[in-house]
Structure formats: C-alpha cells, structure tokens
4 protein chains.
Amino acid sequence: MFEARVRVIYGDTDQMGVVYYANYLRYFELARSELFRAHGGSYREMEASGLMLPVVEATCRYLAPARYEDELLIGTEVSEVSRVTLTFGYRVTRVGDPTILCTGTTVHACLGKNGRPARLPEWVARLSTPAAR
Amino acid sequence: MFEARVRVIYGDTDQMGVVYYANYLRYFELARSELFRAHGGSYREMEASGLMLPVVEATCRYLAPARYEDELLIGTEVSEVSRVTLTFGYRVTRVGDPTILCTGTTVHACLGKNGRPARLPEWVARLSTPAAR
Amino acid sequence: MFEARVRVIYGDTDQMGVVYYANYLRYFELARSELFRAHGGSYREMEASGLMLPVVEATCRYLAPARYEDELLIGTEVSEVSRVTLTFGYRVTRVGDPTILCTGTTVHACLGKNGRPARLPEWVARLSTPAAR
Amino acid sequence: MFEARVRVIYGDTDQMGVVYYANYLRYFELARSELFRAHGGSYREMEASGLMLPVVEATCRYLAPARYEDELLIGTEVSEVSRVTLTFGYRVTRVGDPTILCTGTTVHACLGKNGRPARLPEWVARLSTPAAR
C-alpha cells in the first residue's frame, strides 16, 4: 500500500482536540494524488489531457482520533477498477504506530471532455493492486 | 426533514468550479447542529453537560455539483437511534430546485465524561422521525 | 456598515477551542459577497461579465476569540475605491454583544478578461460608504 | 530562512484555479510549526508546559497565484522578538522558481496558563535571525 505523509496542523483540529472529520477527505485526496505521482503520472496532466476523475462516493470510518502534530501515514491503493470507475481504499495510521485511526474509500467516475464516461488510461487501470484483483 | 441554509462561498469551491467534496461534511455538521437548535437543544450545552457525539462513520454520494453562490438547503433528519448511537441522514438541494445534489449519512457514538458509551438524552432520542421509525 | 451572519461550526474551531485564525478570511469573503447581493449585484455575474476582483492584500487583527455556536455578525464596508482597486474593511462581533472580536481589511485588484487592470463597475464604485469618502 | 514544503491539493484551490487566499495562513502555520521542530522544539510541548502563542495579527500580500500540484516552499523566520510577543515573516515560492508568490507576517502573544502575558522561552527568543536583529 502506498503511503503519503502529512503533519497535522492546528487548522486541521477542532475544539475536541482531534482532527476534524471532514479533513480526512483532504488527506485522502493528497494520498491518491501522490500515488499517481509515485507511478510517474499526475492528476494535473490527466486533466490537461481532458480526463477528469470526480468523486461520486466517499466513505470514512473513524476508529481513533488523530491529534495536533501527529505525523500521519495516509495509506492508499486502487482497490477496484471498472471500465469507467476507479475505487481507492485508504488507511490512516501514525508513523511508528500500527493503530488504525481511520479507513475510507472514494469512488471516482472517469469523464472525458464532453462530460461523458470515458475509459481510464491504461497506466491508471494498472494501478489496481494484486491483492485487490 | 429539517433544512438548514448555506450560501456557497469561493472558499468552498475547487478549481473544477464546484464545491470540494470534503466541504459537504461541513454542511452536514451545520445542519445537524441547527436541527438540535430547532428542537430547543444545543450541541454546546450537551457537551457542557458531559455528553459528546463524535462521528464514527460518514458516507457521501455526490450526484450533481453545487456551485459558487448557490443557496443550498441541507436537509437532515435523525434516521436511526440505538441506545448509544445516533444516525443522521442528509440531502442537499438548491433553493427552488428539487434536484438532489448530494446525500449522506453520519453515525455518532454517544460518550459520557469518562469516554464510555452513554445513553442519549431523551430529547435527542425523540428526534427520530416517524418515517424513519 | 453591512452585516452578514454566520454560525460558528465545529469545523471552524481549533483545539484551543476558538475559531482558527484563517477562517476569518472565509467569513470576510462571505460578508463582501453578501454586501454585493444586498446592492443588487453578484460577484458571480461580475465574473461572468469578465471582471475579477482577486485579493492582493489581506490583514486581520484578532482581538478576542469567537467560539463554537457563536452567531457572528461580519460587518463590512467598502472603505476605499481607486480606479482599479477596491478596499473592504471588516469588523466581527457576536449578535447582541458590541465586543469587537476581529477587524480586518482586504484589497482587491480589478482585472478584465485579459488579466489587465480594468475599471470598477459604477455600481461597485458607488458602494464606498459616506464615512469612508 | 527556514523552508517547509507543501504540495497544493485540490481542496486548497478555488474556482479561479488558484490557491484560496485563506489557505496561505494554513501554510504559514505549518511552516512556523516546522521551524520550531527544526530547532528541537515543539509547539505541542510548549502548550503542554502551559505557554500559548495565539495569533494577534496576520497580514498577507498575494503577488502571484499558486496552483494545483505546485510544490511550495513556505519560507519563515522569526523577524522580531519582544518580551511578550513574537513576529514571524513568511515568503512563499515554488520549488526551483525564485518568483515570490506571497509574503506575510503573523504576530503572536505569549500567554501563560492564567491567560496573562508570559515571557517567551529562551530557545524561542533565540530563533530571531541575525538579519532580523
């Protein structure tokens, strides 16, 4: 599973002293974007070429709180690929601590310039992990 | 279904020209908080009395984009109540337009001062809508 | 001074239990956008007509903290107009409490479709308050 | 000048296709927090020891837009130290490009457990850069 690192800032926390629940979706976005870069791709270039991957569904399970200054690992993998959708799975932990803080998924449509469903680029479709196939 | 109003600001949008997917969870929070107030309660007072309702699960389905300056209705209702959890359902539309832009759910644990599961206050448990019972 | 209302949500606070400092700039944006609407205008329509008002400078003085569930009044006025810039002043208070929590300013350039400085529309230039002239 | 790195995510941009103006204050916070860590300190530990550094003033000048996927360097230094306040200066550039995108400052009060002004810890006071003295 690919892992992106993120440091929790004050602005990510809420008055309960933990990361605000919506901010995990920001971490997920960072992770899938870095997963693309780690495979030589770039979401920016994909958009420039006329493909978009808007989120159509997101889920999140909050298992334990992340806190200010925690250094988080946002694990992500492509868990499912269909001809026109892409599903990512996520798992958030702290560096050096296997406790899972949060898991989640996002499902993305693949749309072309006309806003109609389009085929995923080959290199993206191949990101699907062996375990997930 | 109770409805809170929110105006989409620039800061809620992303470069695709639509509301960024994480921000719906902010709208959901606003709506459930106003639902409490509409019933004479207040999440702040509940916390002051030692009860917390941390989110343990959130889901979101993005059906159509909301855009800058849209005036949104964030419909919400308590869709399920167990002894120690509370589930909200959400439905986002534009004022004057029945098109559903987004639906979602959040599941909350009810925790007491010691961090252990606690009973929901009676007035909260009663928020469960007839349709949902 | 025109006043927009905003309810502080959990997502606006940080672990110090107060509104996170960057979020006041979101409130400022909401207020100036509503000031436009209160005068029959709309920033969305202005953009559609080819004019943009990007922020070139922002300042904020934090005098007293705003807290969760506070209902805030975001006062705003056009404090200065030059041929190609527009300056807003802001003042944040709680409903029913004259204590000033925060003051601020934003300076905006007026740019046309080509990205070059453009003249402010007449109706915007007229927003300048008597006190400010 | 100490430099923190940050990758611009979709959630940081707005519909103009650039980083939303409030988000630079988030970047500033990340940078000053990493500056502390780079000197063996930690804002979390400082808070645990009873000292807080709330922001009392922030300014930002937006010179050129940062965009999605840009890798930004958030330069920061302690530009001024008084007995009970601390001022940071900031300068945002892209990796490998000297163009200054944004500059800013934040002024912080140093408060003790009772909320009264307190002396800055020695190691923080010493962060003041030679150029700034």
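Helices (H or I, at least four residues) and strands (E, at least two) are DSSP runs, numbered from the N terminus. With that in hand, welcome to this predicted model, in which chain A meets both chain D and chain B. Residues are numbered from 1 along each chain as its sequence is written, while chains are lettered from A and ligands numbered from 1 in the order in which they are written. Local features need pLDDT of at least 70 and side-chain atom pairs count only at pLDDT 80 or more, whereas totals for chains, interfaces and linings use all residues, and side-chain values use heavy atoms, with hydrogens and water left out.

**A helix in chain D**

- Helix 1 of chain D runs over residues 23–38, which makes 16 residues.
- From first C-alpha to last, this helix reaches 23 Å, close to the 22 Å expected at 1.5 Å a residue; the expected span is 1.5 Å times one less than the number of residues.
- Most of helix 1 of chain D is covered, with 13 of its 16 residues buried. Buried means under 20% relative accessible area, exposed over 50%, and partly exposed in between (1.4 Å probe, protein chains only).
- Just after this helix comes D:G40, which takes a positive phi of about 80°.

**Where chain A meets chain D**

- Each chain has a part in this contact: 18 residues come from chain A and 18 residues from chain D. Contact here means heavy atoms within 4.5 Å.
- Together the two chains bury about 1900 Å², 40% of it on carbon and sulfur atoms. Buried area is the accessible area (1.4 Å probe) that two parts lose on being put together, summed over both.
- A:R26, A:R44 and A:E69 supply 31% of the area that chain A buries against chain D, more than any other three residues.
- Six salt bridges are found across this interface, each being a side-chain nitrogen of Lys or Arg within 4 Å of a carboxyl oxygen of Asp or Glu.
- D:R26 forms a salt bridge with A:D12, where the closest N and O atoms are 2.8 Å apart.
- On the side of chain A that touches chain D, helix 1 (23–38) and helix 2 (43–48) of chain A are the elements that give two or more residues. Helix 1 of chain A gives the most, with five residues.
- That side of chain A divides into five nonpolar, three polar and ten charged residues. Ala, Val, Leu, Ile, Met, Phe, Trp, Tyr, Cys and Pro count as nonpolar, Asp, Glu, Lys and Arg as charged, and the others, Gly among them, as polar.

**Where chain A meets chain B**

- Here 22 residues of chain A are in contact with 22 residues of chain B.
- Chain A and chain B bury about 1900 Å² between them, with 57% of it on carbon and sulfur atoms.
- Two salt bridges are counted between these chains.
- A:E57 and B:R61 meet through their side chains in a salt bridge, at 2.9 Å from N to O.
- Helix 1, helix 2 and strand 2 (55–62) of chain A each supply at least two residues of the side that touches chain B. Strand 2 of chain A gives the most, with eight residues.
- By class, this side of chain A has 13 nonpolar, three polar and six charged residues.

**A look at A:S42**

- A:S42 sits in the loop between helix 1 and helix 2 of chain A.
- A:S42 counts as buried because its relative accessibility is 7%.
- Leaving aside neighbours within four places in sequence, A:S42 is in contact with A:F36, A:W123 and D:E69.
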